[in-house]
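Biologist: I am new to this structure. Please walk me through a few residues, one question at a time.

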Amino acid sequence: MKSLIESFIDVGSGYLLAIAIQLLIFPLFGLYPSVLDSMGIALIFTGVSISRSWLWRLVFKKYNRQHYFVFNKHTKSYDRFVE
């Protein structure tokens, strides 16, 4: 449950930060989005970011299951272990 709360805080703060950055930075590039436009844009990027994080997590989870290192007590070094 704690990690779920942390995830909501992480994603929520990123969403709010994205809105604020857009409202502050976009005018420097001649773009003047409304607050609702900025919320929509931030929502799209937040969805893409969540999807990207999830996919990378799956890739690394799969990679770590197939290729990881095990400490060998006899040689006192790490040996590559492949399932």
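Modeller: One definition before we start. Buried means under 20% relative accessible area, exposed means over 50%, and partly exposed lies in between. Keep in mind that this is a predicted model.

Biologist: Is F26 buried, exposed or partly exposed?

Modeller: The relative accessibility of F26 is 23%. Buried needs under 20%, and exposed needs over 50%. F26 therefore counts as partly exposed.

Biologist: Which residues does F26 touch, not counting residues up to four places away in sequence?

Modeller: A contact needs heavy atoms within 4.5 Å. With those sequence neighbours set aside, F26 touches I21, L31, P33 and I41.

Biologist: How far apart in space are F26 and S38, C-alpha to C-alpha?

Modeller: In sequence, F26 and S38 are 12 residues apart. In space, their C-alpha atoms are separated by 9.7 Å.

Biologist: Is T46 buried or exposed?

Modeller: T46 lies in helix α2. Leaving aside neighbours within four places in sequence, T46 is in contact with V11 and Y15. Its relative accessible area is 14%, and buried means under 20%, so T46 is buried.

Terms used
Residues are numbered from 1 along each chain as its sequence is written. This is a predicted model: local features need pLDDT of at least 70, side-chain atom pairs count only at pLDDT 80 or more; totals for chains, interfaces and linings use all residues. Side-chain values use heavy atoms; hydrogens and water are left out. Buried means under 20% relative accessible area, exposed over 50%, partly exposed in between (1.4 Å probe, protein chains only). Helices (H or I, at least four residues) and strands (E, at least two) are DSSP runs, numbered from the N terminus.
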